[in-house]
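Subject: Structure handover

Hello,

Here is the structure I promised to pass on. Please open it alongside this note.

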Amino acid sequence: YCQFLLEGLGKESDKYVLSYMLDGIAPLHIPDDVDLSLLIERTRSDQWLVRHSAINALSASNAECSREAARYWVSQSDEKTYKYEIIYANSVLGSIGDSKDVDLLERHIDSDIVDVKESALFAIKSIEARNNENS
């Protein structure tokens, strides 16, 4: 099912259908050996509906390319323009990120945008809790 949805991302152009497909991918677990290039490509879509759903869907995979795609958005310095992308990417890193991501997330803990700040703090706490469980 997951492979079917991922392959469909390259065939579909309707933003509502794409968003629905991406929202369907988000709760799944994608094995590390699955090609995520179409998903990653959609995280940079010009259509915000598709872009937001794609960023959220990154949490379905623990692959390094998923983390890297989320880091791209967390690295954005224009919080006003990319507020939602940063919030969704913070959430993704909270789910699949590792201790290397904490420094990147910390850049948003002093944000004037409450949701950006809170999502960064929650992501950091999630990563730290996961690290404590694994040690």
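Below are the fold, the core and the salt bridges, in that order.

First, the ground rules. This is a predicted model: local features need pLDDT of at least 70, side-chain atom pairs count only at pLDDT 80 or more, and totals for chains, interfaces and linings use all residues. Residues are numbered from 1 along each chain as its sequence is written, and side-chain values use heavy atoms, with hydrogens and water left out.

**Fold.** The chain has 8 helices and 0 strands. Both are DSSP runs numbered from the N terminus (helices: H or I, at least four residues; strands: E, at least two). The radius of gyration is 14 Å, close to the 14 Å that the globule rule gives for 135 residues, so the chain is as compact as a globular protein of that length. That radius is taken over C-alpha atoms, and the rule is 2.2 Å times the number of residues to the power 0.38. The C-alpha trace spans about 40 × 35 × 15 Å along its principal axes. Of the 135 residues, 45% are buried (buried is under 20% relative accessible area, exposed over 50%, partly exposed in between; 1.4 Å probe, protein chains only).

**Core.** The largest nonpolar core holds 34 residues. Such a core is a set of buried Ala, Val, Leu, Ile, Met, Phe, Trp, Tyr and Cys residues joined through side-chain atoms within 4.5 Å. Leu6, Leu22 and Leu105 are among those with the most contacts inside it. Helices α1 (2-8), α2 (15-25) and α8 (114-134) are among the elements that give it two or more residues. Leucine 6 touches residues including Ile25, Val34 and Leu39, leaving out those up to four places away in sequence (contact: heavy atoms within 4.5 Å).

**Salt bridges.** The count is 7, taking a side-chain nitrogen of Lys or Arg within 4 Å of a carboxyl oxygen of Asp or Glu. Arginine 51 pairs with glutamate 85, with closest N and O atoms 2.6 Å apart. Arginine 51 lies in α4 (residues 48-57) and glutamate 85 in α6 (residues 83-96), so the pair ties together parts 34 residues apart in sequence. Arginine 51 is buried at 14%; glutamate 85 is buried at 3%.

Arginine 71 has two partners to look at. With glutamate 64 the closest N and O atoms are 2.6 Å apart; with aspartate 101 they are 2.5 Å apart. Arginine 71 and aspartate 101 are both buried, whereas glutamate 64 is partly exposed at 35%. A salt-bridge network links Glu64, Arg67, Glu68, Arg71, Asp98, Lys100 and Asp101.

Best wishes
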